Amino acid sequence: MARTQYVPKDDAFVCVNGKNRFTRALYGGYTQYRLETSDRPAFALFLNSRNCRNIQVFATYKGTEISLDATDFCEARYTKGMRTYIVRDHRWGNAEMLIDATCLYDADAALLRFTTKGFDSDVTLKAVMKNIAVTRLSRNGDLGADKPGCFEANGDALDTKQWSMRGNGESFARTDSLEFTANVNGKAAFEKNLKLLNEVANRIHFDTPDPYINAIDEALMFAAEGAWDGETWLHGAIGWRMPLNGWRAGYLSDVLGWDDRAKKHFNAYAASQVTDVEPVIPHPSQDAAMNMARAEKKWGTQMYSTGYICRNPNRNDQMHHYDMNLNYIDELLWHFQYDADIEYMKQMWQVLERHLAWEKRNFDPDGDHLYDSYCCIWASDALYYSGGAGTHSTAYNYRGNLLAAKIAKMIGKDGSKYEAEAAAILKAMNERLWVKDGQHWAEYQDLMGLQRVHEDAALWSIYTPVDCGVGTPEQMYQTTRYVDRNIPHIDVRFSVPEQYKNYWHPTAADQHLQVISTSDWLPYNWSINNVASAEIMNMVLAYFKAGQSEKAYRILKGNVMDQMYVGDSPGNLGQVSFYDAARGECYRDFSDNTGISARAFIQGLFGIVPQALDGICYIQPGFPQEWNHASITTPYLSYSFHRENGKDIYEIRQNFKQPLRIIFRQSLGNGKWRIVEGNSEHSQQIVVESRVNENDNKNENEDCHPDDIASRFSLHA
């Protein structure tokens with residue numbers, strides 16, 4: 001049984017006398033630069049894969065020198081994007097030292113603040129800088145990718161700095177790039193940086209009965225900061241720190257209330273869309289050197305022609321084999337659902353039109369309204385359909401066409417062909433991809449031969465149609481039940497070490513947590529049968545959307561425990577789980593996971609789902625039944641909930657750019673919902689019955705599909 005390595009206290013991730021070294025990265029500005037921190041005060045600087053330094057700090061008191069990472073006692077906290085330490089040692093008597101470590105926002109630099117308390121004479125500090133153990137890091141020193149110990153010191157000292165401070169005093173040390181300066185005048189810079197960190201930390205705030213969840217808001221914000229390069233979201237904050245349009249990072253901006261960042265991101269990749277290359281080379285145009293498994297990299301093929309979105313921001317001349325279009329467009333459509341900015345929709349209309357045309361001719365050349373899938377989601381390696389009809393890619397195209405039709409009406413364009421395509425896609429999916437006996441979406445249908453329907457679906461063929469609004473609420477509920485029955489579930493078992501018993505006590509519910517694998521397919525192959533955090537969280541979001549809140553929370557909490565508290569990196573939003581038999585715990589703050597986790601918490605657990613294209617915002621909380629209070633603060637909508645005399649009372653305040661009508665949805669189970677109509681006022685109260693079940697008396701709105709409700713309340717109809 002695993003042991004918790006970190007526990008929540010005061011919304012921080014805390015450990016006492018921890019053992020992990022260089023597992024929590026701190027991020028600063030919009031470069032790769034970071035400060036690696038440990039469970040004790042041991043540090044490393046990362047500039048790039050070939051330029052890193054190890055920093056070890058010693059304290060001398062009354063003639064005795066001690067390395068600060070070897071004291072008798074150390075409490076370490078990760079909070080507000082900083083690492084803080086309280087260290088004590090029997091040789092110091094009752095004295096203690098506090099160390100605060102932070103990366104600066106406005107420079108490739110880090111600051112260390114040392115505070116001494118209770119020493120009755122001066123303390124001498126010494127910092128020793130050395131090379132790290134690995135000359136060249138293969139994956140930028142990330143967890144589970146490069147070897148453990150890669151940031152440990154190696155060789156002779158490159159630099160040594162020594163300075164004295166009073167027994168009750170404060171001093172600062174600073175790094176600039178890989179240079180170390182001791183005893184600097186760093187107070188103003190530290191306080192300025194702390195103010196910025198607090199501003200980030202306070203953008204999103206959770207308050208729940210579960211202390212494990214209350215620390216997640218800051219973890220999300222600072223993992224997001226590590227994934228932002230000032231212009232666009234990155235594929236991964238550490239392991240894959242490169243500009244790459246794709247996967248789920250682009251959801252972050254709107255969900256976390258960064259409208260300005262959203263537009264920078266979408267503009268950067270709009271400029272990467274090919275606009276002037278005619279598709280003159282017909283299907284198939286595959287690369288013989290790659291065994292026909294990839295499109296030939298030649299301009300004018302169907303793949304590399306007008307509508308294709310290239311790999312890097314602001315460059316539309318770079319080929320890559322991924323179809324990053326689908327996720328980018330889905331993220332862009334979510335942006336419109338947060339503000340329905342008419343002028344920005346007009347600006348991006350051609351981007352959307354070119355994309356839909358590109359998807360149609362590349363992945364539905366036979367015009368049957370079901371789309372092939374090629375490298376368009378995270379699980380791309382070893383996942384192929386050979387021209388067949390894939391559920392997840394078709395679902396994305398359904399949502400793309402459906403919302404394109406709505407946008408067209410709002411900006412004065414003819415969207416009839418998109419409306420017709422969405423209707424045809426839905427009909428084809430229901431006729432050919434819905435497994436009637438199993439009541440779930442299939443993985444795909446073969447193009448050739450017997451045209452078999454592959455009924456053994458992976459997670460992405462369940463959560464994607466739910467997320468894209470394909471089918472009825474009953475279908476959404478039933479298809480998630482397929483995961484209950486067929487996808488392997490792994491119990492998350494853990495114990496609490498003795499030193500943490502005064503911090504937190506587990507509840508009975510915490511002994512029934514689970515994570516899930518991405519499929520039940522064998523044999524193992526990378527990306528198609530992993531225990532991958534982002535896939536788990538996307539499925540959690542689908543569970544919430546389908547009304548399976550108790551199940552959703554059990555898996556969400558299991559994933560949180562696995563990644564953030566039992567794992568080696570506090571507050572981590574990693575890629576692969578400890579429970580993954582082939583890879584194990586791997587990567588930190590992977591922005592694909594950060595993006596979908598933000599949605600799982602805010603759109604799922606707290607249920608804030610803006611639909612600005614229809615002038616409404618759903619609130620459909622997924623709280624566990626035993627919770628009797630909770631609240632959330634975001635830049636665009638905040639609410640608090642408490643239970644009183646059998647009623648759940650919600651106090652709601654919205655700050656959307658254009659006011660949205662609040663529609664409260666309460667799950668009754670089995671795909672049934674109770675609807676309570678709110679209004680578009682800035683502040684309002686909604687009261688619902690606390691306990692519901694399938695036998696409750698139904699009101700006239702209970703069986704309404706969300707699209708039906710949206711049509712009734714649309715401000716643009």
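1. First, a term: a residue is buried if its relative accessible area is under 20%, exposed if over 50%, and partly exposed in between (1.4 Å probe, protein chains only). Helices (H or I, at least four residues) and strands (E, at least two) are DSSP runs, numbered from the N terminus.

2. A word on what you are looking at: this is a predicted model, where local features need pLDDT of at least 70, side-chain atom pairs count only at pLDDT 80 or more, and totals for chains, interfaces and linings use all residues. Residues are numbered from 1 along each chain as its sequence is written, and side-chain values use heavy atoms, with hydrogens and water left out.

3. Start with helix 1. Its buried residues are F190, N193, L197, V200 and A201. They sit on the same side of helix 1 because they cover an arc of only 95° around the axis, the arc being that of the directions from the helix axis to the C-beta atoms. On the face turned away from that buried side you'll find the exposed residues A188, K192 and K195.

4. What do the buried residues of helix 1 pack against? Their partners are strand 10 (82–88), strand 11 (96–103), strand 12 (109–117), strand 15 (169–176) and helix 3 (216–226); contact here means heavy atoms within 4.5 Å.

5. Most residues other than glycine have a negative phi, and most peptide bonds are trans. H283 and P284, however, are joined by a cis peptide bond with omega about -15°, and P284 is in the loop between helix 5 (259–270) and helix 6 (325–339). Another cis peptide bond links L522 and P523, with omega about 0°.

6. S527 is not a glycine, yet its phi is positive, near 85°. Is S527 buried or exposed? At 0% relative accessibility, S527 counts as buried.

7. H369 also has a positive phi, about 70°, without being a glycine. You'll find H369 in the loop between helix 7 (342–363) and strand 18 (389–390). H369 has 26% relative accessibility, so it counts as partly exposed.
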